[in-house]
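User: I would like to learn how to read helix packing and a sheet. Can you take me through one example?

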Amino acid sequence: MVGQLALQAKPVPGQQATTPIAYVLVVLIAAPLVTHRKWPLPSLAVCLAALLLYAPGRYYAYPGIVLFAMVFGITLHGTRRQGLIALVSCAAAMAVAVGLQPGVVGSYVTWVESELGIAVAWIVAENLRIRRARWAELNARAERLEREREAEARRAVTEERLRIARELHDVVAHSMSVIAVQSAVGGHVMDTQPEEARQALAAIESTSRSALTEMRRLLGILRQDGEPTGSLVPAPGLADLARLVAQVGEAGLRVWVQVEGERGPVPPGVDLSAYRIVQEALTNVIKHAAAATACVTVRYDVGSVALEITDDGPARPADGRGAGPGRPGGPSADPATSAFSTGHGIIGMRERVAVFGGEFTAGPRPGGGFRVFARLPFPEVTS
């Protein structure tokens, strides 16, 4: 029996009492368990060598059970090749050692039990090793996916900032073209039509102030090298919402537009960003919200314009992380928790608002549907 292999209370016929040399060999058999993680095969070699030297003495205190622990430890903490080497070599050494024992200790039953014990130790350890490796691979994959997700989010933010920079560049380029035309007109009619010249100079003053404001924003955003030059075609703005609503209507979404307050002078950059926010929000409603109607509210206040886009889509689980002010350094809407999680719409809208230091929230509404709110502040432009 395995218990007989581990320790005999009394020596059976043919066995002898333990001697000091036997104690030294027992230490050499067991000591490699301490070093098997760092040096698996050398530790195994020392253990088996000591066992084969101990077995011919036929001592009744037989320590062969150490081989079970050795096979288990090397298989669990080493490679598959090292585990197979431990399995085969320990099985062979155990067969030799048991065969050298007298009487019942060296019987066929004891040999079978010993070999089965080594096999079970190897199977259990191999199963645990495979499970550990699988969990390590899953954890590494999760970490890799998390890094890729963060890199993708950073890339999306960078691309959106570059796109904003290009659009602001277009606004400034258009303003400069207006200044050039007005200055040419003023110079041409200065002597014959002084009133027209004064109007041209007033237009140049107003346009240049607005362009300087946009230039300050433009300088805060990096522009990618090699990008194409800006177009001189006027950029779209909130005045073009009717055309945008018509385009969205062709996609099957009915949109209601409500304007509150009196529109004053709005800088072109703010006008463009507000238009893009409405455009992106309605696009996301078409793609992800499964809504039939949407409502766009534009509110003009002194020094700011506020936007609210809502839809009548189905109710979604609320998540406290889904909304927050979009000012730099503050919390922001998490696109992964919104209905728009398949794209970077929330990221783009938040970045546009952050350029102007405004406020941005996005998240499911309690009664169903989704709500996007943005407020874009701007200094008053005097004509």
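User: At what angle do the axes of helix H5 and helix H6 cross?

Analyst: Axes are lines fitted to C-alpha atoms, for helices over the stretch in contact, and angles run from 0 to 180 degrees between N-to-C directions. Helices (H or I, at least four residues) and strands (E, at least two) are DSSP runs, numbered from the N terminus. Here H5 (residues 66-77) and H6 (residues 80-99) cross at roughly 170 degrees, and their axes come within 8 Å. The two are therefore roughly antiparallel (an angle over 145 degrees). This is a predicted model, where local features need pLDDT of at least 70, side-chain atom pairs count only at pLDDT 80 or more, and totals for chains, interfaces and linings use all residues. Residues are numbered from 1 along each chain as its sequence is written, and side-chain values use heavy atoms, with hydrogens and water left out.

User: Which residues of H5 and H6 make the contact?

Analyst: Contact means heavy atoms within 4.5 Å. H5 brings Leu67, Phe68, Val71, Ile74 and Thr75. H6 brings Gln82, Gly83, Ala86, Cys90, Ala93 and Met94. Eight of the residues are nonpolar, three are polar and none is charged. Ala, Val, Leu, Ile, Met, Phe, Trp, Tyr, Cys and Pro count as nonpolar, Asp, Glu, Lys and Arg as charged, and the others, Gly among them, as polar.

User: Is Gln82 buried or exposed?

Analyst: Buried means under 20% relative accessible area, exposed over 50%, partly exposed in between (1.4 Å probe, protein chains only). Gln82 has 17% relative accessibility, so it counts as buried. Beyond its neighbours within four places in sequence, Gln82 touches Pro40, Leu41 and Ile74.

User: How do H4 and H5 pack?

Analyst: H4 covers residues 40-54, and its axis lies 11 Å from that of H5, at about 170 degrees. H4 and H5 are therefore roughly antiparallel too. From H4, Pro40, Ser43, Leu44, Cys47, Leu48 and Leu51 meet Val66, Leu67, Met70 and Ile74 of H5. That contact holds nine nonpolar residues, one polar and no charged.

User: Now the sheet. In what order do the strands stand?

Analyst: Two strands pair if DSSP finds at least two bridges between them. The order is E1-E2-E3-E5-E4, in an open sheet of five strands with mixed pairing. E1 (254-260) and E4 (359-364) are at the edges with a single partner strand each, so one side of each has no neighbour in the sheet. On average, neighbouring strands are turned by 10 degrees against each other, direction ignored.

User: How many bridges join E4 and E5?

Analyst: Six, in the antiparallel sense; E5 spans residues 370-377. Glu359 stands opposite Arg375 of E5. Helix H11 (residues 345-355) lies across E4 and E5, at about 160 degrees to E4.

Terms used. Parallel < 35°, antiparallel > 145°, perpendicular 65-115°, else oblique.
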